[in-house]
Amino acid sequence: MPGTDWKPTACILCECNCGLEVQLGGEGGRHLVRFRGDRRHPASRGYACEKAHRLDHYQNGLDRLTTPLRRRPDGTFEVIDWDTAIREVSARLAAVRDSHGGDAIFYYGGGGQGNHLPGAYATATRRALGSTFRSSALAQEKTGEFWVAHRMFGTAMMRADFAHCDVALFLGKNPWQSHSIPHARVTLKAIAKDPARTLIVVDPRRTETAELADIHLQLRPGTDAHLLAAVLAILLEEGLLDRAFLEAHAVDLGPVEAALRAVNVADCCARTGIDEPLVRRTARAIGNARALASFEDLGVQMNRNSTLVSYLHRLLVALTGNVGKEGTTYVPTSIVAIAGGASRRKSPVVEAPIISGLVPCNVIADEILTDHPMRYRAMIVEAANPAHSVADSKRFREALAALDTLVVIDVAMSETARLAHYVLPAATQFEKAEATFFNFDFPRNCFQLRPRLMAPPAGALPEAEIHARLCQALGAVTEEDLAPLRAAAAKGPEAYAEAAASCLIGDPRLASQAPVLLYRTLPLPPEAREGAVLFALALRAAMQSPVPLARAGFGGSPFEAAAALFRAILENPWGVVFAVDEWSEVIGRIATPDGKIHLALPDLLEELGKVGRAAPEAPDPSFPVVLSAGERRSFTANTIIRDPAWRRTDGEGALRMSPGDAATLGVVTGDPVRLSTRRDSLVATVEVSDTMRDGHVSLPNGLGLSYPGASGEAITGIAPNELTAGEDRDPFVGTPWHKGVPARIERV
Ligand SMILES: Nc1nc2c(c(=O)[nH]1)N[C@H]1C(S)=C(S)[C@@H](COP(=O)(O)OP(=O)(O)OC[C@H]3O[C@@H](n4cnc5c(=O)[nH]c(N)nc54)[C@H](O)[C@@H]3O)O[C@H]1N2
Ligand SMILES: Nc1nc2c(c(=O)[nH]1)N[C@H]1C(S)=C(S)[C@@H](COP(=O)(O)OP(=O)(O)OC[C@H]3O[C@@H](n4cnc5c(=O)[nH]c(N)nc54)[C@H](O)[C@@H]3O)O[C@H]1N2
Ligand code: SF4
Ligand SMILES: [Mo]
C-alpha cells in the first residue's frame, strides 16, 4: 500500500530535473510508487513527461551495488569492507601521485542529469591528490558552443527564451523527446498553434518536433554549415541585419560581411538538398522576427563542422540583434558556472585544447595509451559510464585496462564499473540529498536541494561521505582541522558561519578541503546532510551576483545573503528562486574586454571559406549510409536506467530507416540487419519509418546495456559507441561525430 505522504523530489532523467512529488511504498517503503509533477517547483510548475513515472526502475535496479568490490587478477570481484576500500584506494592513488605527480590521476564525470553534488565533493579529493585533468560528457557535446560563445561574448553560457519568442529555431535538436527547455511540449504546442509565431526545425528526420513545425528543413545529414552559411548570406544580401544593434553592441562586422558575400547561396542550398526558395523564406522569417529564440544541440554538435556551425549559429543570433530582449538570448545567473572558455593549458599527451576545464572525451584513450611520460595512469570515474558513452568503446576499454588504478563510484554495475580495480557503491539520488547545477532559467532562476527520501542500504554511501573518508585517509583533512568548526557549530549558526568563512577564505589549504570540512561539521538534518557544500557555493554566488540575489530576497552583506539563501534552500525542498534577472542586464553581461560582441573569429571565418569551397566529400562506397548513433527517444535516458523493462515502447532500440532503403534491402519492421562501420559490425532490428530520409539511419542512445534477467546477464540493443571512432572528431575542440557515422547495412 502506498503511503499517503507525497514527498518532494525531482526527476533525474534529463537536464530539466522537473520537480516531482512521490509516494513511497512496496517492500520496506523503498519503492517509488506514485508520481505527480510538483506545482510548487518554481521552474517546472507541475510539468513532467512520461519517463518520470518509471523512476522506480532506477531506484530498484537489479544490478544495484551494495558493497565495495575489489577486482581479482582473474577479473572477478571480491567483496571488501569500506575501511579496506578507503585504505587501499587512497594508498594506490597516493602512490601514483608520489611517483608520477597528481596530473597522472584523471577524473571523469561528477554528475549525470540530476546529481551534481558528487562533482563538488570530488574537488576536495582531486585537490588532495593534486589531480588537475578531468572531463565529462560536456566535452563531447557543448565545448564547441562554449568556446565560440566565450570568444564572441566573453561568457559561455547562453540560453534562449522560447516562452516569449515569435520565431523558434531548433538546430539538430528534438525537444519533444529530449526536452532541455522548460515545459517543452507545452511550449512547442503553443508556438505551433499560434499563427503569429513560427517554429523552424532543422533535422534530417521528421521528428515529433518537426511534425509541429511551420518550416521543417529536412536537410541532407551533415550539411548544417552550408545551410547556415546560406541563411546568413541571404540576411546580408536582403538587408536583414540589425544594423542599429550591431552599431551599439558589436565590433568587427567588416570581415564577417566579406566572408558572407563570398558565400555561394545556390551552391550551399544544393548541398543541403533544400530548395533555395525555402531557405530564403527561412532567412526572412528569422530576419523579420520580433524575437528569435534558438537552440543547437547534438544533431549539429556531434557532427561534421560542429564548431563552425556553433559559430554561424551565434552569428545568426548576433547579426539579427536577438540578444538581451524578451524572447531572445540571455545569460543566466548561475550558482555554479558549468561553462567556460579555453584554458591556456593543453592536455598533457595529445595537446588537445581544454575548454571549460575539460579534456575532449575523444582523446582520453590516446592520453592513456600513448607511451608518454605524462600519460594518465589512474582514473576516478564518478556518476558516469564512459566505457559506454565515449567514442570507440573497444579502444576505451583497452585504455581503462592499461591504467594502474581505476576507481569507479556508481550505484549500479555499469560497463565502466565492470572494468574497475575498485568499485565504490554510492547511494542513489533518492537516498541522499541531491541537486543539479543545470540552472539556466531566466529571468527567475531556481535551485532545488532535494532531501533524501530514504536512507541508503547498508553498504552504499553518499559520495560526500566517500570523498570525506578519502580525504581524511589521504591526510588532507585532520581532526585538528575539524575541531574549531565543530566548536563553532556548538555555539550556533552565527559563530559557525564566521568560523567557516574564515577558514574558507583565510587558509588556502583548508579552502581546498571546504566541501569535506562543511560536510563533516555543518549541523544539518539527516535528509539534507549532503547539501553542506552549498554553504560555500551560496557564498560564492552571493559574492559574484549580489544584485540578482538581492532581488530574489537574498540581500545584505555576502554573508547575510549566503546564509539567507542557504536557509531558503533547506526550507523549500521543492525549489527556490535564487536569482531574479532583468532583460536590460543581459548586454552588460557580455564580458569581452571592451564589452562588445566580437563578431569576427578569424580561424572560423577561414574555415567557412574552406567549407564553402570544398567539393562534397564523396561517400566511401564501403560505407554509403549515414548512421546517427544515439537518438533520444521516448524511453531513453543515457544509461541512468539499466533495466530494459522500463521502456514502454521500442524495447529493443530499433534501427530506424526510410521505406525506400528498406525496400532496396528487402526488409520490413522487425527484421534483423547487419550494421557495419569502420569499427565493428553488429546485428540490429529494423523499424521502417517514413520520418527518415533515404541514406540516413538512426540508433537510439543508451542501449546495449548488460542487465541480469531470468536467464542470466543479457544485453538489449546496440551500444552505439561500439560503432564510433575516436579520430572522428572536430578539428577545433575535439567533439565527436556520433551523428554522422559512415555505415553499411546488409540483410542477414
Ligand atoms: N528522452 C531523452 N531525453 C534526453 C536524453 C535522453 O537520453 N533521453 N538525454 C539528455 C541529454 S544528455 C542531451 S545532451 C539532450 C540531447 O538532445 P537532442 O540533441 O535533441 O538529442 P538527439 O536525439 O541525440 O539529437 C537531436 C537530433 O539531431 C538530429 N540529427 C542527426 N543528424 C543531423 C544533422 O546532420 N543535422 C541536423 N540538423 N540534425 C541532425 C537527429 O535526427 C535528432 O532528431 O537530450 C537530453 N534529453
Ligand atoms: N554515440 C553516442 N554517444 C553518446 C551520446 C550520443 O548521442 N551518441 N550522447 C552523449 C551525451 S550528450 C551524454 S550526456 C553522455 C552520457 O553519458 P555519461 O555521462 O557517461 O552518463 P550515463 O550514461 O548516464 O551514466 C551515468 C552513470 O551514473 C550512474 N549513477 C546514477 N545515479 C548515480 C548517483 O547518484 N551516484 C553515482 N555515483 N552514480 C550514479 C549510473 O548508474 C550510470 O552508470 O553520453 C554521450 N555519449
Ligand atoms: S525526463 Fe526530463 S522532462 Fe521528463 S519529467 Fe524527467 S526531467 Fe522532466
Ligand atoms: Mo548530454
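User: Which residue puts a backbone N or O atom 2.8 Å from a nitrogen atom of ligand 1?
Analyst: In this predicted model, that residue is Arg 633, whose backbone N or O atom lies 2.8 Å from the ligand nitrogen, a pair that falls under the term polar contact (N or O atoms within 3.5 Å; within protein, one must be able to donate a hydrogen and the other to accept it, and residues adjacent in sequence count only if both atoms are side-chain atoms).

User: What about an oxygen atom of ligand 1, and what does Gln 177 do?
Analyst: A backbone N or O atom of Arg 632 lies 2.8 Å from an oxygen atom of ligand 1, while a polar backbone atom of Gln 177 is 3.3 Å from a nitrogen atom of the ligand. The protein buries 98% of the 910 Å² that ligand 1 exposes when taken alone, with areas from the Shrake-Rupley method and a 1.4 Å probe.

User: Before going on, what are the ground rules on numbering and confidence?
Analyst: Residues are numbered from 1 along each chain as its sequence is written, and chains are lettered from A and ligands numbered from 1 in the order in which they are written. Because the model is predicted, local features need pLDDT of at least 70 and side-chain atom pairs count only at pLDDT 80 or more, whereas totals for chains, interfaces and linings use all residues, and side-chain values use heavy atoms, with hydrogens and water left out.

User: OK, so which residues come nearest to ligand 1?
Analyst: Of the 31 residues around ligand 1 (a heavy atom within 4 Å), the nearest are Asp 203, Gly 222, Asp 224, Thr 636 and Lys 739. At least two shell residues come from each of α5 (175–178), α13 (298–301) and β23, where helices (H or I, at least four residues) and strands (E, at least two) are DSSP runs numbered from the N terminus.

User: And where does ligand 1 lie relative to the domains?
Analyst: Ligand 1 lies between domain 3 (143–333 + 597–609) and domain 4 (618–747), because both give residues to its shell; the bounds come from an automatic or database domain assignment.

User: Which N or O atoms lie 3.2 Å from ligand 2?
Analyst: One is in the side chain of Gln 429, 3.2 Å from a nitrogen atom of ligand 2, and another is in the backbone of Gly 630, 3.2 Å from an oxygen atom of the ligand. The protein covers 96% of the 920 Å² of accessible area that ligand 2 has on its own.

User: What surrounds ligand 3?
Analyst: Its shell includes Cys 11, Cys 14, Cys 18 and Cys 49, along with His 179.
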